[in-house]
Amino acid sequence: QVQLEESGGGLVQPGGSLRLSCAASGRTFRTYAMGWFRQAPGKERAFVAAISWSGDNTTYTNSVKGRFTISRDNAKITVNLEMNNLKPEDTAVYYCAADSAPRRRYPSQWVREYEYWGQGTQVTVSS
């Protein structure tokens, strides 16, 4: 059974930091790109960051560039999202996702190209 489990969410003040982690099991995720998406109340799920299967290529949505960093540990089969200088507009449920196709050189930003999803973890940025 394929499972993705996020952790690390919580309440943080503006300007603060959080580190999200995603633990993957049940498939050889080492050869699949991984992504982070988020969904705020009343809005559609939106792309945040993604990393290729090898870790050589990353991509970010413009609003988080320079503040968020995605990384992966293929030995532990985890994907992390380091979030710094958090803003109230970063408040959302954050989801980890695994690509539907193996060995994609450049990770996708499209929800439809991710096959497996975690349950999500809440991030709230508020004073």
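## Reading an all-strand chain

In this predicted model, residues 24 or more positions apart account for 60% of the contacts in the protein chain with a separation of 6 or more.

Q: How many helices and strands does the protein chain have?

A: Zero helices and eleven strands. Walk along from the N terminus and you read β-β-β-β-β-β-β-β-β-β-β.

Q: How do I read a sheet, and in what order do the four strands of the open sheet come?

A: Strands of a sheet pair through backbone hydrogen bonds, either parallel or antiparallel. Here, the order in the open sheet is E1-E3-E8-E7, with antiparallel pairing. Strand E1 (3-7) and strand E7 (68-73) sit at the edges with a single partner strand each, so one side of each has no neighbour in the sheet. On average, neighbouring strands of this sheet are turned by 15° against each other, ignoring direction.

Q: Let's zoom in on one pair. How many bridges join E1 to strand E3?

A: Five, and the two strands run antiparallel, with E3 covering residues 18-25. To find one of the bridges, look for glutamate 5: its partner in E3 is alanine 23.

Q: What about the whole chain: what radius of gyration does it have?

A: It has 13 Å; a compact globule with 127 residues would have a value near 14 Å, so the two agree. Along its principal axes, the C-alpha trace spans about 40 × 30 × 30 Å.

Q: And how much of the chain counts as buried?

A: Of the 127 residues, 42% do, where buried means under 20% relative accessible area. The accessible surface comes to about 6600 Å², and carbon and sulfur atoms hold 44% of that.

Note on methods
Residues numbered from 1 in each chain as written. Predicted model: local features only at pLDDT ≥ 70, side-chain atom pairs only at ≥ 80, totals over all residues. Heavy atoms only, no water. Pairing = 2+ DSSP bridges. Axes fitted to C-alpha atoms, helices over the stretch in contact; angles between N-to-C directions. Rg over C-alpha atoms; globule rule 2.2 N^0.38 Å. Buried < 20%, exposed > 50% of the residue type's maximum accessible area, 1.4 Å probe, protein only. Contact = heavy atoms within 4.5 Å. Areas by Shrake-Rupley, 256 points an atom, 1.4 Å probe, with all protein chains shown as cover.
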